[in-house]
Every structure is written in structure tokens, then in C-alpha cells.
Amino acid sequence: MSGLSTSRSILITGSTSGIGCALALAIPALPHKPQVSGRRVERLAELQEKGLETRRLDLGNLDGLNGEVEGILESYPELDAVIFDAGIQRQFDFSKPESVKMENVIQELTVNYTSVLTMLACILPHFQKRSAEGKESTIIMITSGLSLVSLPTVPNYCATKAALHSFTVSLRAMLHASGSRVRVVEVYPPLVESGLHDPYGTTERLSKHWMSLEEFVRQVMPPLLSEEENIPVGNSKNWWERFGEGEKEELARARLAGR
């Protein structure tokens, strides 16, 4: 199957900041214009001024998400790629359970994981129809190196990314076994320049160690345009190789074939 370079219509979630925004600004160099989505209206307006097509999506509101996605598919019937990047990160200290606000735990789980499955349930029938017509489609999951190695200060974030990683491996195996022409790609960013850490006052310290957005885009775009399905970036490569993720994927496919 081809890489992202042949896609004609791309939807990017979480594109008002960070990695999603950087990818949205990089992709117009290709022969198509991405549709970008996010929650912050003022940032969407800024992206629209730069020539991007925008759509407001509140991934924390699952009840309204199906209708929003159906509206996107009606407006963009040629949609053939989606990049799931939206995410939030919160610090929790379960050694002090009285400090943990469960509504924040649930919100993080919803935005980082459940909303992705909700959107996929709407988008996959569209992609499967394209597959039956001999057309390719692409699903790109932006997970994290923390899906492989946990960081105790953000335990729920790591758990949501680990869940999304596990789901991605299973989804790819299922679609592969069915003969689908839907590609499933996973990107594992390292610590990347971001505003996720601003609420906790750790941005200055972490900025000494993170990869700039410019460098991240420079490294991730070539494999995104190729046929690679697993794209660990920076020190995530070491973790991906150390924990044998490639072997785990082959095992998942073998288990599915033998069920």
C-alpha cells in the first residue's frame, strides 16, 4: 500500500497546538489540503487564515461526536486518511488519593482513548466501502513513547496511550486478516515541544530535553509518506526495539489467524 503522499483528503484531530498543528502546517506541501479539527475556536481561526480548512470538534463530548463525524464525511466524501493526534495530559498522585479528581481522570481517558474509538466506529464503514471499491485509506495513530514505558507522574496519560497502542496493534491485525485496503500506522513521539506541561510549571525544565516540533516533523514526515506502519521517533526507537514490539505484532496476527 502507498503512504500518506497519495492521500487526497486528510482529517487531523488535535491540530490547534503541538504535533497536530505542526503536521497540519507541514502537510499542505503535499498536493492536497488537510482538514484540521480542534476545540479552541481562536486557534482554528488562525489556521484558517493560513489557508487550512477547519472544523471544531469537542472530543470530550462523546454524545455529539457521531453527528460531527457524519457531517465531516458528508462534506468531504473523498476523505481517505485520518490522523488521531488530540490528547491531554494531567498529573495524578495516587499515593495521595484525596488529591485525585476522578472527573479529570475520566476526561483524560475520554479524549485520549474513547473518543478515538468513537470516531473510528463512524469512519471505518466509509473506509471499508472505499476498500471494497479497490481504494486505499489510512488511519494514523499518534500514541507516545510512554505507551511503551510508563512515567509515574502522568500514570493515566501513559495508560491511555498504552491502551491506544494495544488497540492499534489489534486493529491492524484484524484489518490485515480481512484483506482490507485500510492501512493502520502508529507514530511513537518522544518528549516533544508542547504546551501540555504548562499547567504544572515544568515546561522550562522539560524544554531542555525535548525534541523541537520542527525536528519532529523533519524526522516523521518521510516515513509517513512511505509505507512504514510503525514509526518510533527519537528515543522511542530504543524502547520500541528493546521491548520487541515488532514480534508482538506478528504474534497478534498469528493468534488472529489461528482463532
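Analyst: Happy to; here is the packing of α4 against α5. This is a predicted model, in which local features need pLDDT of at least 70, side-chain atom pairs count only at pLDDT 80 or more, and totals for chains, interfaces and linings use all residues. Residues are numbered from 1 along each chain as its sequence is written, and side-chain values use heavy atoms, leaving out hydrogens and water.

Helix α4 covers residues 102–132 and helix α5 residues 155–177; helices here are DSSP runs (H or I, at least four residues), numbered from the N terminus. Their axes come within 8 Å and cross at roughly 20 degrees, the axes being lines fitted to C-alpha atoms over the stretch in contact, with angles from 0 to 180 degrees between N-to-C directions. α4 and α5 are therefore roughly parallel to each other (angles under 35 degrees count as such). The crossing of α4 past α5 is right-handed, that is, the near helix is turned clockwise from the far one by less than a right angle.

Which residues of α4 and α5 make the contact? On α4 they are Val 105, Glu 108, Leu 109, Asn 112, Tyr 113, Val 116, Leu 117, Leu 120 and Leu 124. From α5 come Asn 156, Tyr 157, Thr 160, Ala 163, Leu 164, Phe 167 and Leu 171. Contact means heavy atoms within 4.5 Å. Sorted by class, this contact has 12 nonpolar, three polar and one charged residues (Ala, Val, Leu, Ile, Met, Phe, Trp, Tyr, Cys and Pro count as nonpolar, Asp, Glu, Lys and Arg as charged, and the others, Gly among them, as polar).

For another pair, α1 and α7 pack at an angle of about 60 degrees, with axes 10 Å apart.

Methods
Helix = DSSP H or I, 4+ residues; strand = E, 2+ residues; numbered from the N terminus. Parallel < 35°, antiparallel > 145°, perpendicular 65-115°, else oblique.
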